[in-house]
Amino acid sequence: MQATEQRVSRLEIVLEEFIKNVGMSHMRTEAEIREFKDEMKEFKDEMKEFKDEMKEFKDEMKEFKDEMRQQNREMNRKWGEIANKLGTITEDLVAPSLPRIINEEFSLEVFDLMVRRKRKLKDGIVREYDAIAVTEEHVFINYTKSALRSVDIDFFVKDIQEFRDFLPEYKDKRLIGVAASLYVDEGVIRYAENIGFMVISVGDQLMEVKNKKGFKPKEW
């Protein structure tokens with residue numbers, strides 16, 4: 001009987017110790033969970049602050065890029081006005097931009113670039129082309145006006161149609177017309193596109209294509 005009571009007493013002690021340990025472990029777990037939650041909240045707050053700072057930085061960068069783009073446009077426009085007053089818009093703006101534009105739009109390399117190309121026929125008729133850019137299979141013929149109008153596009157058609165009469169050495173090449181100006185009205189751009197001409201004018205770069213995305217010029 002005494003031995004049984006001793007065993008029961010020891011069991012009670014062990015059980016009490018177990019309950020005590022479980023309670024302490026539970027308390028530690030709750031404390032750790034609270035600490036973890038606090039750390040997660042602090043982390044989320046820091047992430048939110050970081051995202052806000054990044055958004056502010058992106059907004060500032062966008063504003064800076066917009067300002068730089070506007071300044072670039074203004075500088076190009078002023079340069080264009082100066083070139084126009086000097087009568088050298090083709091030499092200063094258009095011709096230097098043709099190889100870049102042709103490469104960007106058609107992945108073609110220009111191996112010959114001529115400005116103010118003039119040819120006289122036997123009957124004395126003279127034709128001058130503002131700029132001519134020659135690639136392996138194409139000739140890009142430029143027609144430049146300080147202010148491009150629809151009637152100028154009509155004249156350009158005649159120039160393209162008679163081009164091989166004046167420069168027969170290019171009779172086996174396909175012709176593409178490039179109309180250029182400092183500024184081109186949207187209506188004139190659409191009119192030129194309908195005929196099949198590329199249109200370029202002052203933009204973010206010295207000269208840039210103004211045709212709608214996906215436009216394919218006519219080959220004459």
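**Notebook: aromatic rings in a predicted model**

I began with the rings: ring pairs join Tyr143, Phe156, Phe197 and Trp220 into a cluster. Here rings of Phe, Tyr and Trp (its six-membered ring) pair if their centres lie within 6.5 Å; planes under 30 degrees apart count as stacked, over 60 as edge-to-face and the rest as tilted.

A note on my source: this is a predicted model, where local features need pLDDT of at least 70 and side-chain atom pairs count only at pLDDT 80 or more, while totals for chains, interfaces and linings use all residues. Residues are numbered from 1 along each chain as its sequence is written, and side-chain values use heavy atoms, with hydrogens and water left out.

Next I searched the whole structure and found six aromatic pairs. For Phe106 and Phe140, I read 5.2 Å between the ring centres and 50 degrees between the planes, so this pair is tilted. Phe106 lies in helix H2 (residues 89–106) and Phe140 in strand E3 (residues 138–144), so the pair ties together parts 34 residues apart in sequence. Helices (H or I, at least four residues) and strands (E, at least two) are DSSP runs, numbered from the N terminus.

Buried means under 20%, exposed over 50%, partly exposed in between (1.4 Å probe, protein chains only).

Then I looked up Phe197 and Trp220, a stacked pair with 5.7 Å centre to centre and 20 degrees between the planes. Phe197 is buried at 0% relative accessibility, and Trp220 is buried at 19%.
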